[in-house]
Amino acid sequence: MNVRNAGSALFFVCVGVAVLWKGLHLGLRSDQNMGPGFFPILAGGALTLLSLLLFAQTIRHRKSAEPRVSFWVSRNAWEKVFLTFLVTAAYPFMLNLVGFFLSTLILLIFLFRAISRLKWWVVWTAGVIAAMSFYFVFEIWLRANLPRGFWGF
Amino acid sequence: MKSKLRKGMLGMFLSVLFILIFSGAGFSAEKFPSKPITLVVPWAPGGRTDVVARLVAPVYEKVLGQPVVVVNKAGASGYIGMKSVSTARPDGYNMLIAGGGLMVLQYTGESKIRWEEFKWIGQIYEAAATVSVNADSPWKTIEDLIDYGRKNPGKLKHGNSGHGGTTHLFSEGFAKAVGIKLIQVVYKGDGPAAVALASNEVDLSCPPLGAVRPLMESKKIRVLALQSDKRSTQFPGIPTLKEKGIDWSAGTFEGFAIPKDTPDDIAAILESGLEKALKDPGLAESFRKLDITLEHKNLKDFTAHVAQQDKKYHDLLQEAGLIK
Amino acid sequence: MDTILFALSVVFRPENLLFAFIGCLIGTLVGVLPGIGPTAAISLLLPTTFRGDVVSGLIMLAGIFYGTQYGGSTTSILVNIPGEAASVVTCIDGYKLALKGRAGPALGMAAFASYIAGTFSVVLLTLVAPPLAEMALHFGSPEFTAMAVLGLTLLISLSSGSMVKAFMMAAVGVILGVVGVDPTTGAPRFTFGFYELEDGVGLAPVAMGLFGIAEVLANVEKITQEQRSIVIEKVKGLLPNLQDWKDSAVAIAQGSVVGFLIGLVPGGNTIIASISSYALQKRISKRGDKVGTGMIEGVAAPEAANNSATGAAFIPLLTFGIPTTPVMALLLAGCMVHGVIPGPLLIKEQPSLFWGLIFSMYVGNIMLLVLNLPLIGLWVKVLRIPYGILFPLIILFCLVGSYTLNNSLVEVGLTAFFGLVGFFMRKFEYEPALLILALVMGPILEESLRRSLTLSGGNLEIFFHRPIAMSILLISLLFLISFPVTRMIRKRKAEA
């Protein structure tokens, strides 16, 4: 059985029901017209039904011989993905704290070293050059007003 | 190994140096203004507020002697941009352009903001709302329209530029003043509302003159009246509501505001700078082309005006049932 | 005739050609950089155009406009990040072509298709503007609703996998589109107290997350100690070859026409244009099934369509001063500041200006080609950068880009979040393109539908009284039915 389809179908059923419920709260109708809840109900309801359908389809074909493809490419692959995501998600917080240049440098150094495993001198050179280029393009040229850290930079 | 270590240290050294150089830019304690001023436009680029800000900024720059950098911080009907300035450091380097939009937001927004959180250093312009209909409609004068409206309550469809927005409010104020009842049809912005009027989807609309001018000139829209106190210099043929005996006038306005705790002497510098900048003849010409009236008010007058408008908007919103 | 020749001479003056070039250059760069879209770019440069001569200013604005359209396609093809909404469709085949080593021909075909279609639309504009513009005024809210329905229906045809999953993604997209303050009643929906979400989930963070970051996360898995690069086959050739041209001819032709028609009407936009053309191409192409796996016509069709739509969008603006999109509204503002009021008066009173603008559009199109073809070689080299160095740059690109949109850290966080979502979507085999397109179409549909109901007093009859809307809805219905029907026919054939 295609576990992924079954699992994700159930996930989406939950999402659909949640949206549907919230939509009912918002109100189906208002002044002879569609209320703010109309579309959420419609879309949430559709999602629920479709997900149930997908689930049913997956159950129906569960006996078919599907090769078990492993979720992750290699045994330790998930660590890399997780770390990359972590530093990506941390970036907005870093921006707020230490400003653009430093956050960018930290992100790049971390990724270059921890994930790509480049040599230190490559890490630093590429990191600094890239951070400086981004700074020049966005801050100076496009005047984008990138965040500054607590020291004003 | 040694050379790699050296290269690593060089890299580190360079970046530290770089950081130091740039953070040095923040240190300065001379006469105000001594570094660039940020002018926040709480709307997306391209709107009237944005265009006005970008027209005034270069002139203001010349007067103040420091760059005035326009930054767009749109979102939540202006709340994000406005809040960013009201909570910014009151050192005179953070400025906001706002007016009618803030008035409305105080009462309709999910999050609260008050005009009292700012010092209003000067008004820049006013833009009167129109009362416009489709050029092919049977109403040739404002009296025709009002007449029809009174005889057919709840039949006239008015296209506004946003639920709870200034056009919506002004039209409701107008409707109440003349005793008619409108159906409000919501559009996203002055542009789509004007288009809807031109394609006869709605019966009337009350956007500012600038939004309907091209369509007026291409004879798709007829402007029946202006909701202002005086006639427009560009289009002297359009009557005002006041002339017709209707006790109602409305228009949007905008000016510069700074955080309320900014020291008075800095505020004074900004205030007089603005007054001087607005005397620029090129600016007046550009404003004329955009159909907005350059109308400067100094800090005292503007603050009084804002307080008065606040009450007016509050009452309008309450009437329309829009206060949260 | 004299005025036309005069206008031509004005446009080809060296300084105006320079302005056109600068406009295209800036536009392309801005289009390549995610986040800052044409609206922002034009408004940034608007003040500079205030000072100079009117024609020069307009020429530069037109250049920027066209440039951004094209720039968005570059990142779509190279790194699967749509530079703007209309480029999402280009990502589908474009990126797959790049993976096959055919990034050069893809970029080249995108440029050529854009040029041909763009010129086509400007020619049509010159010849038949006024009557076409009249038609634009017949489009009201019911028609917009019908267009949105059409867009959503066609959207499904973009999927190459399970239909159910495609519909699910569309539903999720619509749900995401609901997030924000309801424009008609002011009620907040799904904002969880974040006022940054009051305007809805922006398209750019979602696109950059779902496409850019998710792709990177998926590829990062494959980076091991030994291999430092994703297997991208060696780049074969920089320009489209004869076979490519043969394959794309029909695509370009239909893309130009479809794009033009859709761009002309208020309510139509480049997104619907590119989806429609792509869907149509899938249907009519002999190897329709393969479109979606990296076929050159899958790039040619949407690129032609969105450039043609861009040109067509000028028509309502120039003839009546009606802006059909926010970018047009900006251009209108730019014109008005110069005292140029678009409309029938413009042609009568300032014909040299009018023709100057038209010719500047021709020039803009040519300039795009001249500028971008040599750059293809450069772009392709970007792909050669070892992935280990490239991928953090891509991540940064997406994160910084999303910040610059609104100076908002929340959007950066959203981008990261959708990156994770996109990663899981890939693993579970759901298609992100559909979600994004539904995210855009959903709100349009809701807004127009509600407004149509307000106008008609609450009943659906209004649709039955409007032939244009009905025809569009019928086309959508036909499309919808055609899926299961074609499947049934194919099954019968296979069984026979």
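I looked up Cys91(C) and found that, at 2% relative accessibility, Cys91(C) counts as buried, where buried means under 20% relative accessible area, exposed over 50% and partly exposed in between, with a 1.4 Å probe and protein chains only. This is a predicted model, in which local features need pLDDT of at least 70 and side-chain atom pairs count only at pLDDT 80 or more, while totals for chains, interfaces and linings use all residues. Residues are numbered from 1 along each chain as its sequence is written, chains are lettered from A and ligands numbered from 1 in the order in which they are written, and side-chain values use heavy atoms, with hydrogens and water left out.

I then checked for disulfides (pairs of cysteine sulfur atoms within 2.5 Å), and the count over all chains is zero. Cys91(C) is in no disulfide, and the nearest cysteine sulfur, that of Cys398(C), lies 11 Å away. Cys14(A), by contrast, is exposed, with a relative accessible area of 52%.

I noted its pairings, for which DSSP must find at least two bridges between two strands. Strand 3 (residues 94-99) of chain B pairs with strand 10 of chain B in the antiparallel sense over four bridges, and Ala98(B) stands opposite Gly255(B). Strand 4 (residues 118-128) of chain B also runs antiparallel to strand 10 of chain B, joined by nine bridges, with Tyr125(B) opposite Glu254(B).

Notes
Helices (H or I, at least four residues) and strands (E, at least two) are DSSP runs, numbered from the N terminus.
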